[in-house]
Amino acid sequence: MVSESATATAAQVLVASNRGPVSYTVGEDGELTARRGGGGLVSGLSAIGDDAGALWVCAALGEGDREAVRRGVGEPGVRMLDIDAGSREGVHAAAYNGIANSVLWFVHHMLYQTPLEPVFGPEFRAQWAAYETYNRAFAEALAAEAAPGAAVLVQDYHLTLVPGMLRELREDLRIGHFSHTPWAPADYFRMLPDDVAEQVLRGMLGADRLGFLTNRWADAFTECCVRVLGGTSGTRIGVHGLGADADFLRERSRREDVEERMATLRGQVGEGRKTIVRVDRTELSKNIVRGLHAYRELLETRPEWRERVVHVAFAYPSRQDLAVYRDYTAEVSRVAEQINTEFGTPGWTPVLLHVDDDFARSLAAYRLADVALVNPIRDGMNLVAKEVPVVSDEGCALVLSREAGAYEELGEDALAVNPYDTSATAEALHAGLSMPAGERAERTKRLAAAATALPPARWFLDQLHALTDDAA
Ligand code: G6P
């Protein structure tokens, strides 16, 4: 049996995701502390109001979460599943680290390369079985909680099998699935074992409607269905390009703690210097190391920028259970240090790297940035590219990978780069640093307008309405 926290019955609108809106830590005194997260889904779900009978089903992720489930502690409107309860020890880790983060994430971001080639042997099969168990636990919980005819919005690559499984349990439900990542082209997707590729696609096609962040990812999914299954069997597909939350960002970025961090950052950067800012989770797909190489090339080929610019790089921890992520994190620090050793002078540190997550400091850097560097190899959307223009104080040039989903909406006013081409990226950084203030401000204004076209609350409601409206 999967154990779970108790909640109200019969929800009308349900969201299912691996990571939920709240997480718990156990203090030394044994007290549980809850921490609420942010993001598009949180503001989206709050937009439908408390009376709508909404329920968020998510997994217990750490010991704190599991302890909360054991003690029956929960937030209203949230049901946490302890997937590993009873005889299922290790199922969540195998599904999350093994399949979701090491296989599906790598396929959709096209990250496999020697020596990271996938080997789909017995270990993979055991993890795949765990992924099925984990998806089934979600489907069963949703089936138990949903009111007749309720709308269920399933999120992301962790839960691709849920729509199909839930459909078998509850024919009456309206089921949607949304992918927050890119979708791999068919030739790449077919790297997955045939039966697994089929299962993923059929699982998702169990939904009434599928959502993607851009046309490009939606088209890739359709192509996979045609190539692997022969078609999409009538499931509706929509594109909803999540935008930045302008109201929240503008208010939050003007608070005292952000002002304090701006003063600190200004001191660290030094009087009269320009800044190239990047803010990422340390994911291989974010391409942070090539970004550093591009910056190094800038200092090499355009020596006039030495002592006149600082690369403010915030690389926050992510998925540290995986060796490949830990190695990548170490590589980011190593390359940053190398640049500082090679070019630094007593009064100038070329790279200012921070690895501890601090949202107020990120906002401070957004406000100060002269150039924002967003150069992922592939990215479902990339909200940093959308957030910077919204909060920027005096306008910021945006160097943007054409492989980020955000490029579909922001491409015209950004400086586009091929993320593998560090020389072209160095030139784009130079162009951004050299851009006249007036042009920068104009572009930033247009970027901010495009970036906020679909704020999180509307993004969520559009999907919900499209799911419950048969014509959409
Ligand atoms: C990124 C992706 C999301 C994904 C999330 C999971 O933000 O854009 O699609 O759901 O990572 O992150 P986690 O820390 O839960 O592994």
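Residues are numbered from 1 along each chain as its sequence is written. Because the model is predicted, local features need pLDDT of at least 70 and side-chain atom pairs count only at pLDDT 80 or more, while totals for chains, interfaces and linings use all residues. The pLDDT, which is the predictor's confidence in each residue on a scale from 0 to 100, has a mean of 94 over the chain, and 96% of the residues reach 70 or more. For the complex, the predictor gives an ipTM of 0.97 and a pTM of 0.95.

An open sheet is formed by six strands in the order β13-β12-β11-β14-β15-β16, with parallel pairing. Strands β13 and β16 (415-417) stand at the edges and have a single partner strand each, so one side of each lacks a neighbour in the sheet. From one strand to the next, the twist averages 20°. Strands here are DSSP runs of E of at least two residues, helices are runs of H or I of at least four, and both are numbered from the N terminus; two strands pair if DSSP finds at least two bridges between them.

Within this sheet, β11 (residues 274-281) and β12 (residues 309-316) pair in the parallel sense over eight bridges. Thr275 stands opposite Val310 in β12, and Ile276 stands opposite His311 in β12. Strand β11 is mostly covered, with six of its eight residues buried; a residue is buried if 20 or more other C-beta atoms, placed from the backbone, lie within 10 Å of its own, exposed if 12 or fewer do, and partly exposed in between.

Helix α11 (residues 288-301) lies across β11, β12, β13 and β14 (371-374) and runs at about 165° to β11. Helix α14 (residues 384-391) lies across β11, β14 and β15 (397-401), at about 175° to β15. Axes are lines fitted to C-alpha atoms, for helices over the stretch in contact, and angles between N-to-C directions run from 0 to 180 degrees.

Leu353 lies in β13 (residues 351-354). Leu353 is buried, because 20 other C-beta atoms lie within 10 Å. Not counting residues up to four places away in sequence, Leu353 touches Ala313, Ala315, Ser333 and Ala336, contact requiring C-beta atoms, placed from the backbone, within 7 Å.

Around the ligand stand Asn18, Arg19, Asp156, His180, Thr181, Ser318, Arg319 and Gly380, each with its C-beta atom, placed from the backbone, within 6 Å of the ligand. This shell contains no nonpolar, five polar and three charged residues; Ala, Val, Leu, Ile, Met, Phe, Trp, Tyr, Cys and Pro count as nonpolar, Asp, Glu, Lys and Arg as charged, and the others, Gly among them, as polar.

Conventions:
Two residues are in contact if their C-beta atoms, placed from the backbone, lie within 7 Å.
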